[in-house]
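Hi there,

Here is the structure I promised to pass on to you. Have a look at it first, and then read on for what turned up in it.

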Amino acid sequence: MPAERTPSGRRRDPRDRRPPPRRRRKQKRRVPPFALAIIAIAVVIGVIALATRGGDETATSQATAEPVIPKVSEADIAAAAQQLGPRDQELVNIGQTGVSVNKGGNGRKVVALTFDDGPGPDTPAILAELKQLNVPATFFVIGGNVQENPDTFRQVVAAGHEIGVHTWDHKDMTTLKPAQQKAEIESTAGEILSTGGVASRLFRAPYGSVDPSVLKQSQDAKLLSVLWDVDTVDWTRPTPDQIVQTAVSQAQPGSIILMHDGGGDRASTVAALPRIVKDLRAKGYQFATVGDLVISNPPGPDDISAESRSTQR
Ligand SMILES: [Zn+2]
């Protein structure tokens, strides 16, 4: 079988053990600059494609690829800081104690529904259910997914739901250096601001994985770290019955309920949502965004922690 060569002579039969001819090396030096630029662009696109698949359950093995995290301009950060109203300041103040909020206090029968890892293909169905139910929710979004699905993200914002930062590519933040942790948070906050026109004041670490360094980065970005006290483990694709049972049986006044609108097929979550709302309303619960919940039901000492929560998503 003859050795295969491209016109430039760069591709050879792998069985050809001879040293490459001199001519090949000379030709390599003559690759025109525009060709190098095209190769560089292709590599960048490939890396972005890998990095933005962070919300996919099958993509965990691709974490070795270095993410391409867009820089946030100083103007964006300054604009976000100026948008800090009294409500934002109240949330920031809780965050400045260097802890995460696991739930609101027990003051009133209010709970917050939270959806992580989107925006994605199932987000519009979640939005349609929430609209039908007239329930506000909080979406902890992945920066890369916002960049990939800007129109869906703007629908979430337009519907009045609260937005939280869930990092650029869903890495375990405790495995990153402080500069990378900062970039994960700032890039996502910047994408939220530039795409949706809103400044987020909430942060949720992927896998609930926090340590003092992660909490400090969250504080520095003027975000309140938010975890949860009710985990529906909907990412394991239980039946809608099981999701409803977990959410409704575990909810207490002030609960923050963890669900997902991204990271895989969320048909079970979509199907469970109206039943969760109906059953909790029957038990006398109302619904609020995380920010409103935390303000209306201020967390007590038992509702905050500096520790990680364990979850696969
Ligand atoms: Zn997540």
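Two strands pair if DSSP finds at least two bridges between them. Please keep in mind that this is a predicted model.

With that in hand, start with strand E8, residues 256–260. Strand E2 (residues 110–116) pairs with E8 in the parallel sense, over five bridges. Strand E7 (residues 230–231) also pairs with E8 in the parallel sense, over two bridges. Which residue of E8 is the bridge partner of Thr 114? That is Leu 258, and Leu 258 is the bridge partner of Asp 231 as well.

Is E8 enclosed or open to the outside? Five of its five residues are buried, so E8 is largely enclosed by the rest of the structure. Ile 256, Leu 258 and His 260 point one way from the strand, while Ile 257 and Met 259 point the other way, and all are buried.

Next, follow the chain out of E8. In the loop between E8 and H11 you will find Arg 266. Is Arg 266 buried or exposed? A residue counts as buried if 20 or more other C-beta atoms lie within 10 Å of its own. Arg 266 has 26 C-beta neighbours inside 10 Å, so it counts as buried. Leaving aside neighbours within four places in sequence, Arg 266 is in contact with Asp 122, His 260 and Asp 261. The C-alpha atoms of Arg 266 and Arg 237 are separated by 7.7 Å, with the two residues 29 apart along the chain.

Two packed helices are described by the angle between their axes and the distance between the axes. Helix H5 (residues 123–133) packs with helix H11 (residues 267–282) at an angle of about 20°, and their axes are 9 Å apart. Because of that angle, H5 is roughly parallel to H11. The crossing of H5 past H11 is right-handed. On the H5 side, the contact is made by Ala 125, Ile 126, Glu 129 and Leu 133; on the H11 side, by Val 270, Leu 273, Pro 274 and Val 277. Sorted by class, this contact has seven nonpolar residues, no polar ones and one charged.

Finally, a view of the whole chain. There are twelve helices and ten strands, and buried residues make up 42% of the 313 residues. Among contacts between residues at least 6 apart in sequence, 81% join residues at least 24 apart.

Enjoy exploring!

Note on methods
Residues numbered from 1 in each chain as written. Predicted model: local features only at pLDDT ≥ 70, side-chain atom pairs only at ≥ 80, totals over all residues. Axes fitted to C-alpha atoms, helices over the stretch in contact; angles between N-to-C directions. Helix = DSSP H or I, 4+ residues; strand = E, 2+ residues; numbered from the N terminus. Parallel < 35°, antiparallel > 145°, perpendicular 65-115°, else oblique. Left-handed = near helix turned anticlockwise from the far one by under 90°. Contact = placed C-beta atoms within 7 Å. Nonpolar A, V, L, I, M, F, W, Y, C, P; charged D, E, K, R; others polar. Buried ≥ 20, exposed ≤ 12 C-beta atoms within 10 Å, placed from the backbone.
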